[in-house]
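Keep the viewer open and follow along.

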Amino acid sequence: PRQRLVESWGMAGKHDDGVELLRMDEVQRQADKDSDLPPALNLSGAIDILPQLKSGPPRSDADVVDVVVEVEREAPSEFMAAFFAQVKGVKTEMGEIRDTMKEVKDLQAKIITEVSKQKSKEYTETLDERLRSISLKAKKIKGKLQGMQQAAEEKFAADKDSAEARTHANMHGALTRKFVEVMGDFQEIQSTYKKHLRDRVARQVKVANPAATEEEIEKAVEGGGG
């Protein structure tokens with residue numbers, strides 16, 4: 001079949017009429033059908049493999065050279081650079097609040113299970129100190145977030161759709177949501193602790209005075225169970 005194919009291309013070179021071209025296509029289709037050669041060697045034989053001969057053997061991974069394209073980015077403005085620094089600082093402070101919250105949970109668990117009044121008092125004093133620390137940090141972060149928002153409103157008042165304005169809004173919004181999430185977790189810890197503490201004090205009051213009213217129990221809870 002390959003011999004007939006080569007001959008057909010040779011005749012096509014001698015004849016230019018349409019009949020000969022049609023006959024050549026028919027011979028080509030028959031050659032494709034009858035040929036046992038790989039598809040890459042069908043059609044016009046040497047013509048098909050010429051690109052392979054020119055390009056040489058397939059290149060290995062070692063022949064491939066990585067091309068690194070460096071994209072030059074515009075440096076942030078002084079305003080945005082200061083904003084990025086503030087964001088980093090707020091994230092650090094929220095991390096500190098998270099760490100203190102872990103201490104708070106440990107102290108609360110000790111207070112609830114402690115039978116020694118002296119130990120319970122020491123734990124309570126340490127707990128109060130940690131709670132004040134969280135409260136101060138939270139107030140500080142809230143003030144920073146409000147300051148960032150106000151500064152952005154003044155800075156981008158004339159161009160609210162600029163790239164910097166959008167970047168500021170997105171980052172500030174994400175940071176605010178994260179802060180709300182942290183404080184929500186803190187409030188949940190406090191709520192759980194108060195419930196457990198109330199249950200503990202209520203049991204103590206009931207043991208001492210089975211007829212104690214809810215008002216008396218609440219007073220005991222507010223007094224720390226003393």
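What follows goes from the whole chain down to a couple of single residues.

## The big picture

First things first: this is a predicted model. The chain has seven helices and zero strands, so reading from the N terminus the elements simply go α-α-α-α-α-α-α. Of its 226 residues, 26% count as buried.

Helix 5 covers residues 117–155.

Now look at which residues of helix 5 are tucked away. The buried ones are S120, Y123, L127, L131, I134, A138, I141, L145, M148 and A152. As you step along that list, keep the helical repeat in mind: an α-helix has 3.6 residues a turn, so residues three or four places apart point the same way. As for what sits over the buried residues of helix 5, the cover includes helix 4 and helix 6.

## How helix 4 packs

Helix 4 runs over residues 78–113. Helix 4 and helix 5 pack at an angle of about 160 degrees, and their axes are 9 Å apart. An angle over 145 degrees counts as roughly antiparallel, and that makes helix 4 roughly antiparallel to helix 5. The crossing of this pair, helix 4 and helix 5, is left-handed. Sorted by class, the contact of helix 4 with helix 5 holds 19 nonpolar, six polar and nine charged residues.

Next, helix 4 against helix 6. Their axes come within 11 Å and cross at roughly 10 degrees. Angles under 35 degrees count as roughly parallel, so helix 4 and helix 6 are roughly parallel to each other. In the contact of helix 4 with helix 6 there are 20 nonpolar, six polar and eight charged residues.

## Helix 6 meets helix 7

Helix 6 takes in residues 163–208, and helix 7 takes in residues 214–222. What angle do helix 6 and helix 7 make? They pack at about 120 degrees, with axes 9 Å apart, and are therefore oblique to each other. The crossing of helix 6 and helix 7 is right-handed.

On the helix 6 side, the contact is made by R198, V201, A202, V205 and K206. Helix 7 brings E214, I217, E218, A220 and V221. By class, the residues of the contact of helix 6 with helix 7 are six nonpolar, no polar and four charged.

Start with I112, which lies in helix 4. I112 and K194 are 82 residues apart in sequence, yet their C-alpha atoms are 9.9 Å apart in space. Which residues does I112 contact, leaving aside its neighbours within four places in sequence? They are Y193, H196, L197 and R200.

Then try S120, found in helix 5. Buried or exposed? S120 has 14% relative accessibility, and since the cut-off for buried is under 20%, S120 counts as buried. Not counting residues up to four places away in sequence, S120 touches I111, E114 and R200. So R200 turns up in both contact lists, that of I112 and that of S120.

Key:
Residues are numbered from 1 along each chain as its sequence is written. This is a predicted model: local features need pLDDT of at least 70, side-chain atom pairs count only at pLDDT 80 or more; totals for chains, interfaces and linings use all residues. Side-chain values use heavy atoms; hydrogens and water are left out. Helices (H or I, at least four residues) and strands (E, at least two) are DSSP runs, numbered from the N terminus. Contact means heavy atoms within 4.5 Å. The expected span of a helix is 1.5 Å times one less than its number of residues. Buried means under 20% relative accessible area, exposed over 50%, partly exposed in between (1.4 Å probe, protein chains only). Axes are lines fitted to C-alpha atoms, for helices over the stretch in contact, and angles run from 0 to 180 degrees between N-to-C directions. Angles under 35 degrees count as roughly parallel, over 145 as roughly antiparallel, 65 to 115 as roughly perpendicular and the rest as oblique. A crossing is left-handed if the near helix is turned anticlockwise from the far one by less than a right angle, and right-handed if clockwise. Ala, Val, Leu, Ile, Met, Phe, Trp, Tyr, Cys and Pro count as nonpolar, Asp, Glu, Lys and Arg as charged, and the others, Gly among them, as polar.
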